[in-house]
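Welcome! Here is a short briefing to read with the sequence and the 3D view side by side. Please keep both open as you go through the topics.

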Amino acid sequence: MNTTPKPPRIDLRSDTFTLPTPNMRKAMVSAPLGDDVFGEDPTVNRLEAMAAERMGKEAALLVTSGTQGNLVSLLAHCGRGDEIIVGDTAHTYIYEQGGSAALGGIHPRALPTQPDGSLRLEDIRAAIRADDPHFPVSRLVCLENTHNRAGGTYLTPEYTDAVADLAHEHGLKLHIDGARIFHAAVAQDIDVKELTRGADSVTFCLSKGLAAPVGSVVCGSAEFIRRARRARKVLGGGMRQAGIIAAAGIVALTEMVERLADDHANAHRLAEGLAELPGVSLDLDLVQTNIVYFNLDHPRFSAPAFVEALRGRDVGMLCVGGNRIRAVTHYGIEADHIAEALSICKELLS
Ligand code: TLP
């Protein structure tokens, strides 16, 4: 008996639910393969070279997930007892099981994340430790672009450069969790390199808005990637004939970036419609890419009850705590789906 849960038809729970495109499936079938732990998978090597070039870095490493990409980056930058400066709502800080502390002995210094997903420069400056045997060594600043919990808001090149300069002045490195960094680039109509030029490392995901089935890529200097490759291996992330995955990643990079603008337009449409409905509050200024967060204060529905009612109508959204709900647009979600989801929301809440 097949007990696999059936996803909702209009699935706005996350862009992680995207299915591979027909071109990805084709590429996966015919990809030349080899043992990637020995560096002999030509398709992985090709994806890594493409990714490094796109991000303006020397080298890249295919990893299983965004979580693994962030963890290998932190392990490659930091030793035990080193400190990272990170936002208090960063994915790395709240959604990755504290992996860098659990597995790497890395100490997090969490700063207040601003509503736009940034960290204040003065907060970062104040958090950098003096050279004193009482303190951990400040080693790394982590940014997230786009910022998930802030609502998919993007950081600008100017801001990222300012953080990089500040970090570098004090001998720290900068890592960017760029799970959705292509969304940030498309929303600002800029080359993604402008967002990564100051960073010492960046992780981006193939398996979210870019619709590949599996995988993320870490990019940085050749020496950094050598250390990241060791970290990936100790985490059990050496993947052998991973060209099967990389083949879809190559299609993701070549065919799926520009269309992210459609997801942004759909998210905006959804947010504008939701904002009109009784009980819904949301800040339209924060809807900058493919993520919409809103609060629900409604006489008949708590947020979980509303999400459940939507699910009964084949629409998926996520309750993310309290009265807050998240909807994410992506490949496979068209403007018609948004119109349909909105009319179901209206029916329920009116
Ligand atoms: N985010 C997922 C959930 O874990 C919340 C989602 O549905 O949005 N960085 C950022 C900014 C992310 O949003 C995510 C995934 C990751 C890293 C981790 O990526 P994976 O899921 O591939 O480990």
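Around the ligand there are 14 residues, where a residue counts as near if one of its heavy atoms lies within 4 Å of the molecule. Ser14, Gly66, Thr67, Asp177 and Arg180 are the closest of them. This is a predicted model, in which local features need pLDDT of at least 70 and side-chain atom pairs count only at pLDDT 80 or more, while totals for chains, interfaces and linings use all residues. Residues are numbered from 1 along each chain as its sequence is written, and side-chain values use heavy atoms, with hydrogens and water left out.

- Ser14 places a polar side-chain atom 2.7 Å from an oxygen atom of the ligand.
- Gly66 uses a polar backbone atom, which is 2.9 Å from a ligand oxygen.
- In Lys208, an N or O atom of the side chain is 2.9 Å from an oxygen atom of the ligand.

- Domain 1 covers 17-255 and domain 2 covers 259-345, with bounds from an automatic or database domain assignment.
- Taken over C-alpha atoms, the centres of the two domains are 28 Å apart.
- Domain 1 brings 21 residues to the contact and domain 2 brings 15, contact meaning heavy atoms within 4.5 Å.
- The two domains bury about 1600 Å² between them, with 58% of it on carbon and sulfur atoms; buried area is the accessible area (1.4 Å probe) that two parts lose on being put together, summed over both.
- On the side of domain 1, Arg149, Gly151 and His183 lose the most area to domain 2, together 29% of what that side buries.
- Six residue pairs, both members at pLDDT 80 or more, are in polar contact across this interface.

**Salt bridges**

- How many salt bridges does the structure hold? There are 17, each a side-chain nitrogen of Lys or Arg within 4 Å of a carboxyl oxygen of Asp or Glu.
- Arg9 pairs with Glu340 in a salt bridge, and their closest N and O atoms are 2.3 Å apart.
- That pair links distant parts of the chain, 331 residues apart: Arg9 is in the segment before strand S1 (10-11), and Glu340 is in helix H14 (residues 335-349).
- Helices (H or I, at least four residues) and strands (E, at least two) are DSSP runs, numbered from the N terminus.
- Across the interface of domain 1 and domain 2, the rule finds zero salt bridges.

**Backbone details**

- Asn145 and Thr146 are joined by a cis peptide bond, with omega about 0 degrees.
- Thr146 sits in the loop between strand S5 (137-144) and helix H7 (157-169).
- Ala211 has a phi near 75 degrees, a positive value in a residue other than glycine.
- The loop between strand S7 (201-205) and strand S8 (216-220) holds Ala211.

Key:
A polar contact is a pair of N or O atoms within 3.5 Å; within protein, one must be able to donate a hydrogen and the other to accept it, and residues adjacent in sequence count only if both atoms are side-chain atoms.
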